[in-house]
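Hello,

Here is the structure I promised to pass on. Have a look at it first, and then read my notes below.

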Amino acid sequence: MCGIVGYIGTKNATDVLIDGLRKLEYRGYDSAGIAVVDSGKIAVRKAKGRLDDLEACMQKTGVPKGNCGIGHTRWATHGEPSDVNSHPHSCKRVTLVHNGIIENYIQLKEELVNDGYVFLSETDTETVAVMLEKLYKGDSIKAIDELCKKMRGSYALGIIFSDRPEEIYAIRKDSPLIVGLCEDESFIASDIPAVLKYTNRYYLIEENEIAVLNKSGVCVVDREGKKIEKSVFEAKWDIEAAEKGGYPHFMIKEINEEPKALKNTISPHIENGMPVIPVSELGDERLAALNKIHIVACGTAMHAGLIGKSAIEELARIPVEVSIASEFRYVNPIINKDDLVIIISQSGETADTLAALRLAKKSGAYTLAVVNVVGSSIAREADGAWFTWAGPEIAVASTKAFSVQCAIMYMLALRLSFAKGTLSEDEVKEKTAELMSIPDVVEKVIEQIDPACRELACQNFSTTDLFFIGRGMDYSLSVEGSLKLKEISYIHSEAYAAGELKHGTISLVTDGVPVVAIATQKPLFEKMISNIKEVKARGAMVTLVCRETAEVSNDVYDNIVKMPEISDLFMPLLLAAFIQLFAYYTSVERGCDVDKPRNLAKSVTVE
C-alpha cells in the first residue's frame, strides 16, 4: 500500500518523482507529495487527492527544481486524507516518507510532546520524522539505527537530511523497498514499475540494511555502518509490459493477457508430459508422505486456494484446509511437521500472509510460496518458491494472477496424485495434456463472451444488489466473481452455495434482483437447476452460466452465457474470464475508476 519514489542524479527530480509515482498509482492512494532539494533547501509540496491535484497545487505554489528528492502516495491509516496528513513529513533537519504502520507511535509521540515538540498532523509518520530529528546529532547512520530501536511496526523509509542535501537514506522492515541502479543516477522505490523507464537493475534492501544514495552511486551498510556487498537483480520485463498498450484500462489488458500468462506459468513445469514441481525438496517421496496441506492467503489469492483445495482433494485424496491469512495467525493453527503449508500472494509482500508464513515456519512444516514477484519477502522467506511468471499486474483487481495461481494448484494436484498413487502416470499425462491446451481455449472464450458480458453489464449496472450462486468449484468462482464485482463497481454483491439458499438467504431474493447462477459441474447440474428455479420463482433475474452442451429450458433463465466443453476440473480457468469481464464492463458502465477502486490498494503491506 502507498508508494515511495526517491531520485538523485542529473535529471529534474520533480519530473522523475511524479512519473515514478504515476507508475505506482495501482498500489492505491488518497494523497500525494514530494520533497525536492531546491537551491540547497528542501521544498515540500503535497496535496489531498490524485497526482493531478498535486500538480495543480504546484502550479500555484511553485514547482521545485533540483536533482534530489523523495515522493510518496499515501493510503490513509492514521488521520483522514488531507493536505497536512500527506507525506512527506518534516521536522527541522529531517524530511521523510513512510510506508507501513508504527504500532507504538502514541508512546513515542507522548515522549516527544513532553520534550516540547509540536505536531501538525494526525499521522504516525510525523512521529517518525520528529523522533529522528531528536536523535540526529550529525551522524545519520547512528540516528537511523537508534530510531529503528525505538520503533515497533512495519516501515519503508526514504529520508533526506537538510545538512546532507545530496544524499538519500532508505531503510525497511516488513514493507518492500528497492534501490534502482543506473549510471549517474540512483532511485528508491516501492516497486519496480516506478523505475523501469530508467533501469531494470536493482538491489533488494533487506531488513536492517541502510541504503545511502548520492551522485557517485549507492552504498549499502548495516546499522553499524559496515559496508554490505549486494547482488544485483534484473527485472525480466520491460516498460511496455507495465503500460496499457492501447487498452483503455490495465484490467482489460491483463484479462486479455491471461492466455499468455497461463502458458508462461504451465509450460516450464511440464517434462515428458508430467508436471514437475520446481522445488527439489518436494520430490515424490516427500509428497507421498504428506498427511495434510494448509493453504493460506488473502482475497483473490485465497479463492485460488479454494480451487486448489477442490483439485487436490479430488485427485490426490489429501485433506486441505484453506485459511484467510489474517485469521490464520490468531487461531493457534494446528500444523504438524509433516504437513505442507502453501502461501499464495501475487506481490509476495502481503503483510498478513507474510506474518502467517513466519508463524508456519515455527511449526517446522515445509512452506511453499506461490508468488509472482521474484525477490519478494514471501519468496525469500519460504522454504521453497514456485513463481507464476505472470508479468506485471497493475490493476488493483487481480485477474491473470488468479488464473495462474489456479494453474499452479492444478499442477501440484496432479503431481501429488501421481506421488500418492491415486492416479496412474497415464491418467496424469492425460489431464496434464488438457491443462496445457487450456490457454488456447481461454483465448477463444474471452473473444466469444466479451459481447455477452458487455450486454449483461448494461442490464445490471444500475442495480444495488446482485447475487452469485454455485456449487462445488462453481461456488468458489461465485465467491471470486462477487469480490470482483463489489471491489471495482461498488455494487453490493454476495455469493452463496446454491444448496444453502433455502436456509435463510433466499429471503433476500425479490422481484428483479439479479442472480448470476454458475452451473458447469456435471454431477451438480440437476441440483443447480432446481436451486435456480427456486430463485426464479421468487422473481429473480437469472443469468445462467453453463456448458454449451447443457440442456436447459429457456424458462429457467433470462440470460445465458455458454462455456466450451472441457472437463469439470479445469472449468474454473474459463469461468475466470467471465466473472472478470462482467465485473470490468459493469464498472465501466457505472463510470468507476476501474484500475484504482476507492479505498483499495494492490499490495496490502499493512495488517
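**Salt bridges and a few other spots**

At 33% relative accessibility, Asp 383 counts as partly exposed. Please keep in mind that this is a predicted model.

Asp 383 forms a salt bridge with Lys 361, and the closest N and O atoms of the two are 3.1 Å apart. Because Lys 361 sits in helix α11 and Asp 383 in the loop between α12 (377–381) and β21 (384–387), the pair ties together parts that are 22 residues apart in sequence. Lys 361 is also partly exposed, with a relative accessible area of 33%.

Helix α11 takes part in another such link. The side chains of Arg 329 and Asp 352 meet in a salt bridge, at 3.6 Å from N to O. Here Arg 329 lies in the loop between α10 (325–328) and β19, while Asp 352 is in helix α11, so this pair ties together parts 23 residues apart in sequence. Asp 352 is buried, with a relative accessible area of 13%, whereas Arg 329 is partly exposed at 23%.

How many salt bridges does the structure hold? The count is 37. One of them joins Asp 284 and Arg 415, with the closest N and O atoms 2.7 Å apart. That pair links distant parts of the chain, since Asp 284 is in helix α8 (residues 284–289) and Arg 415 in helix α13 (residues 400–420), 131 residues apart. Arg 415 is buried, with a relative accessible area of 14%, and Asp 284 is partly exposed at 27%. There is also a network of salt bridges that links Lys 173, Asp 174, Glu 207, Arg 358 and Glu 381.

Lys 309, in helix α9 (residues 299–316), has a polar side-chain atom 2.7 Å from the backbone oxygen of Val 320. Beyond its neighbours within four places in sequence, Lys 309 is in contact with Ile 295, Val 320 and Val 322.

Is Gln 346 buried or exposed? Gln 346 is buried, at 15% relative accessible area, and its side chain makes a polar contact with the side chain of Asn 372 (3.1 Å).

Val 118 counts as exposed, at 66% relative accessibility.

Lastly, helix α17 (residues 571–589) reaches 28 Å from its first C-alpha to its last. Of its 19 residues, 17 are buried, so α17 is largely enclosed by the rest of the structure.

Best wishes

Technical notes:
Residues numbered from 1 in each chain as written. Predicted model: local features only at pLDDT ≥ 70, side-chain atom pairs only at ≥ 80, totals over all residues. Heavy atoms only, no water. Helix = DSSP H or I, 4+ residues; strand = E, 2+ residues; numbered from the N terminus. Expected span 1.5 Å × (residues − 1). Buried < 20%, exposed > 50% of the residue type's maximum accessible area, 1.4 Å probe, protein only. Contact = heavy atoms within 4.5 Å. Polar contact = N/O pair within 3.5 Å; in protein donor to acceptor, adjacent residues only side chain to side chain. Salt bridge = Lys/Arg side-chain N within 4 Å of Asp/Glu carboxyl O.
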